[in-house]
Amino acid sequence: MSGIEFEARMKPGTPDDLKKLHSWLESIIFRYFHVWSPVNCQDMLKRYEIYELCLRARELFWTQPLYRHVEVPVTIVGDIHGQFEDLKMMMDMNGWPFTEDEAKEMCKNLLLKGGKDGKQTFPAVLGSGTDRQKTQKNYLFLGDYVDRGPYSIEVVLMLFAMHLRWPDRVTLLRGNHESRPVNRQYGFYGECVRRYSERIYEVFQLAFNAMPLTAIVNKRIMCMHGGISEELFDLKQLDALKRPIDTPDIGIIADLTWADPECEIDYYKESPRGAGKIFGAKAVDEFCKHFQLDLIVRAHQVVQDGYEFFADRKLVTIFSAPFYCGQTNNIASMLNIDKDMVASFMLVKPVTEIKENQNVGEKADDEN
């Protein structure tokens, strides 16, 4: 079935229709959470499911403003760049956007749908079973889900499914790589064509071109992928932008997805990247005063320790892809903001070599 046919079907339905939609989304989430492996990755979703997931995500993004308001507690995540296995590992450590009971219910429904007795075949451990929290976690992702890593498709589809199922728990922002000129060049296009088709690649772009650009956490923390803009004075300016939008080289959209901090300047200057601008500490200070912010959180740059402060700790850069591209020996981080607005970092150090007495893999299983 074509994407156009699915789009025509996406109309408000009955409560039973909503229940069926939730069941379908949960089956996708559970497949990626518990069943997925590099060996069976091509069997997770059918092509028509990818079409429908992307089109439904686009419609949900379109109903939302380009700026989102997010409540605490929340975990803020930086660049992922197709490192799906690392994303799953960090969620195992930090907590998933669903509870243990919800995971068991998803498993039960999937087993029953397959004609199996859920009580007899229910697995002893769901997911990888490592350090998961009993309660669900809320997440805010800052973009750059695709390119460079091996499993960009999995990253996007799982996050789309989570956002569609629990839009109050998972918020997705747009990065500079959620743009056709960039992701056609740096790996996502090749992955889509190699594994599916060029049409699959194009339907992802429909969703990317409608994604929000920035989020405000508890009215005190502003988050975006790139950085601040000297042209942004009021978030209502974003309401005037008409979607679908591809990312331009200049202006507010370019700055929110491309801009970088620079310690050698005070205010704003053209970026050597050729898109967006660079900005200094005084620009950050004035921006925070104007919007009455305590902190700006952005991603977009690899930082060796997982996070890096700027402008007297008024801005922090976070990066969430450990051992980036298999070449950069960097730490990954997630920023947790609790209900009292206290911030803490969860760090993941890359394992580049396994020591003889290190408890990992089969050896750890044997010792336990």
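Cys223 lies in strand S6, residues 221-224. Strands (E, at least two residues) and helices (H or I, at least four) are DSSP runs, numbered from the N terminus. The structure is a predicted model, in which local features need pLDDT of at least 70 and side-chain atom pairs count only at pLDDT 80 or more, whereas totals for chains, interfaces and linings use all residues. Residues are numbered from 1 along each chain as its sequence is written, and side-chain values use heavy atoms, with hydrogens and water left out.

Cys223 is buried, at a relative accessible area of 0%. Buried denotes under 20% relative accessible area, exposed over 50%, and partly exposed in between (1.4 Å probe, protein chains only). Apart from neighbours within four places in sequence, the contacts of Cys223 (heavy atoms within 4.5 Å) are Ile76, Leu140, Leu142, Leu173, Leu213, Thr214, Ala215, Val217 and Val297. Leu213 is 10 residues from Cys223 along the chain, and their C-alpha atoms are separated by 8.8 Å. Another cysteine, Cys263, is exposed, with a relative accessible area of 65%. With a disulfide taken as a pair of cysteine sulfur atoms within 2.5 Å, the count comes to zero disulfides.

The protein chain has 13 helices and 14 strands. Of its 368 residues, 54% count as buried. Among contacts between residues at least 6 apart in sequence, 71% join residues at least 24 apart.

Helix H7 (residues 152-165) packs with helix H9 (residues 188-195) at an angle of about 90 degrees, their axes being 9 Å apart. Axes are lines fitted to C-alpha atoms, for helices over the stretch in contact, and angles run from 0 to 180 degrees between N-to-C directions. H7 is therefore roughly perpendicular to H9, given that angles under 35 degrees count as roughly parallel, over 145 as roughly antiparallel, 65 to 115 as roughly perpendicular and the rest as oblique. Ser152, Ile153 and Glu154 of H7 meet Phe188, Glu191, Cys192 and Arg195 of H9. These residues divide into three nonpolar, one polar and three charged; Ala, Val, Leu, Ile, Met, Phe, Trp, Tyr, Cys and Pro count as nonpolar, Asp, Glu, Lys and Arg as charged, and the others, Gly among them, as polar.

Helix H4 (residues 84-94) also packs with H7, at an angle of about 40 degrees and with the axes 9 Å apart, so H4 is oblique to H7. The contact involves Phe84, Leu87 and Met91 of H4 and Glu154, Val155, Met158, Leu159 and Met162 of H7. Here the division is seven nonpolar, no polar and one charged. In helix H10 (residues 198-208), the buried residues are Ile200, Tyr201, Val203, Phe204, Gln205, Ala207 and Phe208. Their cover includes helix H3 (47-63), H7, helix H8 (180-183) and H9.

Most residues other than glycine have a negative phi, and most peptide bonds are trans. A cis peptide bond joins Val72 and Pro73, with omega about 0 degrees; Pro73 is in the loop between strand S1 (67-70) and strand S2 (74-77). The bond from Arg243 to Pro244 is also cis, with omega near 5 degrees. Lys219, which is not a glycine, has a positive phi of about 65 degrees and sits in the loop between strand S5 (214-217) and S6. Ala311 has a positive phi near 60 degrees. Lys219 is exposed, at 68% relative accessible area, whereas Ala311 is buried, at 14%.
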